[in-house]
Every structure is written in structure tokens, then in C-alpha cells.
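This report describes the pockets, the cavities and selected contacts of one protein model. The sequence and the coordinates are shown first.

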Amino acid sequence: MLIDLRSDTVTQPTPAMREAMFAAPLGDDVLGDDPTVNALEAKAATMFGMEAALFCASGTMTNQLAIRTHTRPGDDVICDYLSHVYQYEGGGISVNALASVSLAHGQRGKLTPNLIREYIYSPTDSHKPLSRLVVLENTVNKGGGCYYTVPEIAAIRHVCDEHGLILHLDGARLFNALVETGDPVEAYGQLFDSISICLSKGLGCPVGSLLLGKADMIRQARRYRKLMGGGWRQAGFLAAAGIYALDHHIDRLKMDHARARKIGAILEQLPDVEEILPIDTNIVIFRLPETLLASDYVSTLEAKGIRGIPFGKHLVRFVTHLDLTDEHIDYMAQVLTPSVYPATH
């Protein structure tokens, strides 16, 4: 048995999703006439109460397009030092937008109004860049899947409005947060100037993310997408998977969260696990003793048919998803019990 918990991006399309993909009517998206892409973009924009959407290959692309569109060279972007836009997008803020970054240190990657205020530069100080954009991540990947609530975001929006700042959401796992909080989807469209949502993580699509925003902003982002080589042709195959996922795969995310907590309960019994971050959604991060490297531990797990990834020198991450079953959890409980797990240090 092989249990792949490296990421929720490893999912395979379900049979019903494949059927929807192969049945999709197609056109040329660069020319604007792929009907399935157009339907996906309209559907997502309507869900969030936003004017328009742009279908792209990845969440990195949608985030970078948002930053490039919202900023000018020399502007400053405020985000947490754990955020995906800083940690995992190849330095794209500096390369694509020619912007600088102010890195706040929030609790598990979450910013607060007071913390943001500390990083806002005076527009009259010529020694400093112009503070232009605040980026939040929901849920926070390196924070163990923790999430913002709408009231928390509303307080941050107020600070942004006070200082004329733009607010972007890296919502790669936003639906994981929404099924936990029960917050209305449309509230996000009212609070953010732009939103990136990923379809290829918990929602189970093979490829794709969406950027949502005002119509003028999305038109400009489409131009930058072309400049980056991101224009694609008969993309309706992939867009159909996104439509199916938005219709059928949101509520089931609660199952992923429940299974993540079951994995946490198993890990609590293991002598080599020193700490488990709070499990809020579908991400499980645990700490090993300093005598044990995460890379070695992950290799030992893989020999037992369980895949995770090192998430630091002594941190390991598991991510649950729609391809994980209760039978997989039972198997993990059997092979990871202290009585059968060999000492590794």
C-alpha cells in the first residue's frame, strides 16, 4: 500500500471529473472563445461577488499576476515571512513586479492589524519604498493550515483603507478555511481587491488556479499572463475539471480535515514525535527531536509505504486529500504504533 501525503496536489481526477473533462466544449482561450473556460471564470467570479476572473496554470502565476498588476516598480509588499508568495514563488515579487517586500512575523503566518501598521512606510519618506499591497494567505501552509475568519480580515481591510493599501488574498486553500468557519463566500469578494484560488489542491483538479478581481484589473492581468507565456489554447478540458470541483468537491473537504486529525492522534502515540502543530484543516506538521533529521525520518516512512515531505530540518508535513481513505488511516495506525516502529536514533 502506498499512501501519498506529500501534498494535496497529488490527487488524481475522479472518474466523474474525467467524464466532465472529456465532454467539455472547447475553443481557443487566447482568442477568448473557449466556452468552458469562460463558464469557469464567470462561475467563480459570481461565487465571490467579484466582477471577473482569469483561469491560469498555477497559484504561483495568479499570485504573481496580482502582485504585478497591483504594484509599480519600487513599491513595497507587506506579507508574513512564512507566506507562499515569499517562500515558494521563486523570488517572483522582485523578478516580475520589481517590488520590495516587508516581512512581518505573525503567529503561525497570520498578520494582524497592529502588525501591519508596523510595516507601513510614510509616503513622505523618500528613503523608503511606497507601501502598496498587503498579501494574506488562507489557509497558511507553513502555519499548519491555520486560517483567518471574516472578522479578522475585516479588521485588516480597515487598516488597508486607512492607508490606501491594496489587499490581495492567496487563497490556495481558501475553501478549506470556509468549510471550517462557515463564513459566506461572497464576504471575501467584498473584503479583498483580488483573490487567488487553487483548483488543483483540495478540490482535486489536475491543473489550474483562478485570479478574481475587478474587470479592469483582470484585463491587465490577462495581458501580463500573455507576457509570461501563460496564454493557452483549448484549456476547456482543464476548466471543466474546475467547474466540476466547485460543484462537487467543496463540502467533502471536511472529510480531509477529520482524517488529518486522526493522523494527528496516531502521531501523538509515537516516541519520535515531539510536537504536533494544531490541526485546523488538512495540514499536519510535526516536530522531531534534534537528534533526528526530517529527511531521514521521511525516508523511513516511505519504506513503510507512507510519503510525506521534510518541512524543515526537524519538521515533517502530511497533507490529506480526496484520495486518502479510512483504510489508509487504519494502515497508518497499524504500521506507526510504537510497538512496531523501530528506534531511529
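The second largest pocket holds about 200 Å³ of space. It is lined by 13 residues, and those closest to its centre are Leu82, Lys142, Leu277, Arg287 and Leu315. By class, its lining has 7 nonpolar, 2 polar and 4 charged residues. Here Ala, Val, Leu, Ile, Met, Phe, Trp, Tyr, Cys and Pro count as nonpolar, Asp, Glu, Lys and Arg as charged, and the others, Gly among them, as polar.

The model is predicted: local features need pLDDT of at least 70, side-chain atom pairs count only at pLDDT 80 or more, and totals for chains, interfaces and linings use all residues. Residues are numbered from 1 along each chain as its sequence is written, and side-chain values use heavy atoms, with hydrogens and water left out.

The largest pocket has a volume of about 260 Å³. Of its 20 lining residues, Thr9, Thr60, His84, Tyr88 and Lys201 are the closest to its centre. Helix H3 (residues 59-70) provides the largest share of this lining, 3 residues. The lining comprises 4 nonpolar, 11 polar and 5 charged residues.

On a 1 Å grid over the protein atoms alone, a pocket is an open set of points with protein on both sides within 12 Å along at least five of seven lines, whereas a cavity is a set of points where a 1.4 Å probe fits but cannot get out; lining residues have an atom within 4 Å of a point. Grid points are joined across faces, edges and corners, and a volume is the space filled by probe spheres set on the points.

The structure holds 2 cavities of 30 Å³ or more. Their volumes and linings by class are as follows.

| Cavity | Volume | Lining by class |
|---|---|---|
| Largest cavity | about 50 Å³ | 6 nonpolar, 3 polar and 2 charged residues |
| Second largest cavity | about 40 Å³ | 5 nonpolar, 2 polar and 2 charged residues |

Among the residues lining the largest cavity are Arg173, Phe175, Cys198, Lys201 and Leu253. Helix H8 (residues 174-181) gives the most to that lining, with 3 residues. The lining of the second largest cavity includes Asp80, Leu82, Glu137 and Tyr148, and strand E5 (residues 130-137) gives the most to it, with 3 residues. Helices (H or I, at least four residues) and strands (E, at least two) are DSSP runs, numbered from the N terminus.

Helix H12 (residues 253-267) and helix H14 (residues 326-335) pack at an angle of about 5 degrees, with their axes 10 Å apart. The two helices H12 and H14 are therefore roughly parallel to each other, a term for angles under 35 degrees. Axes are lines fitted to C-alpha atoms, for helices over the stretch in contact, and angles run from 0 to 180 degrees between N-to-C directions. In this packing, Arg259, Lys262, Ile263 and Ile266 of H12 meet Asp326, Ile329, Met332 and Ala333 of H14, where contact means heavy atoms within 4.5 Å. The contact has 5 nonpolar, no polar and 3 charged residues.

His321 lies in the loop between strand E13 (315-319) and H14. With a relative accessible area of 3%, His321 is buried, that is, under 20% (1.4 Å probe, protein chains only). Not counting residues up to four places away in sequence, His321 touches Asp4, Ser7, Asp8, Val10, Thr11, Arg252 and Asp256.

Methods. Parallel < 35°, antiparallel > 145°, perpendicular 65-115°, else oblique. Buried < 20%, exposed > 50% of the residue type's maximum accessible area, 1.4 Å probe, protein only.
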